[in-house]
Amino acid sequence: QVQLVESGGGLVQTGGSLRLSCVASSGTFSRSAMAWFRQAPGKEREFVAGISWGSDTSMYADSVEGRFTISRDSAKTAVYLQMNSLLPEDSAVYYCAASSLRRPFTMTRYSYSDAYSDWGQGTQVTVSS
């Protein structure tokens with residue numbers, strides 16, 4: 001089991017940028033596919049972006065494609081979400097998640113929260129209009 005800790009959230013104006021980070025406080029996710037999800041008040045948790053365990057494939061929700069970028073460091077000890085051109089509808093608690101699955105990295109499998117076994121506590125992102 002991996003304990004994940006997110007950081008980097010905050011308050012930003014529309015059009016601004018934030019960079020979220022996720023590290024493991026215990027365990028390792030070096031061989032895990034990783035993802036960012038988000039949940040706004042009154043809404044279900046939704047997939048934002050994911051990256052394969054080999055870091056060779058990434059995928060994004062349509063709502064963030066072209067604005068957000070997921071990456072991980074070469075040592076695979078941290079995962080990042082660079083968020084640009086932020087909009088008020090991006091406001092949510094953002095969660096980092098790690099998957100223990102060893103299946104082909106596809107949207108049909110890895111965009112669902114069921115694919116992920118370890119979750120962080122979340123970091124709040126608020127975008128003001």
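Which two residues form a disulfide, and how far apart are their sulfur atoms? They are Cys 22 and Cys 96, with 2.0 Å between the sulfurs. A word on the ground rules: this is a predicted model, where local features need pLDDT of at least 70, side-chain atom pairs count only at pLDDT 80 or more, and totals for chains, interfaces and linings use all residues. Residues are numbered from 1 along each chain as its sequence is written, and side-chain values use heavy atoms, leaving out hydrogens and water.

**The disulfide**

A disulfide is a covalent bond between the sulfur atoms of two cysteines; here the cut-off is a pair of cysteine sulfur atoms within 2.5 Å. The structure has one. Its torsion of -80° about the S-S bond makes the link of Cys 22 and Cys 96 left-handed. Cys 22 belongs to strand S3 and Cys 96 to strand S9, so the bond ties together parts 74 residues apart in sequence. Strands are DSSP E runs of at least two residues, and helices are H or I runs of at least four, numbered from the N terminus. Cys 22 is buried at 0% relative accessibility, and Cys 96 is buried at 0% too. (Buried is under 20% relative accessible area, exposed over 50%, partly exposed in between, using a 1.4 Å probe and protein chains only.)

**Rings and charges**

There are six aromatic pairs. Rings of Phe, Tyr and Trp (its six-membered ring) pair if their centres lie within 6.5 Å; planes under 30 degrees apart are stacked, over 60 edge-to-face, and the rest tilted. Phe 37 and Tyr 116 have ring centres 5.4 Å apart and planes at 75°, so they meet edge-to-face. Both are buried.

| Arginine | Ring | Distance to ring centre |
|---|---|---|
| Arg 31 | Trp 53 | 5.1 Å |
| Arg 45 | Trp 119 | 4.7 Å |

**A buried serine**

Ser 91 is in the loop between S8 and S9 and is buried, at 19% relative accessible area. Its side chain reaches the backbone oxygen of Pro 88 at 2.9 Å. A polar atom of the Ser 91 side chain also lies 2.8 Å from the backbone nitrogen of Val 127.

Methods:
Lys NZ or Arg CZ within 6 Å of the ring centre and 35° of its normal. Polar contact = N/O pair within 3.5 Å; in protein donor to acceptor, adjacent residues only side chain to side chain.
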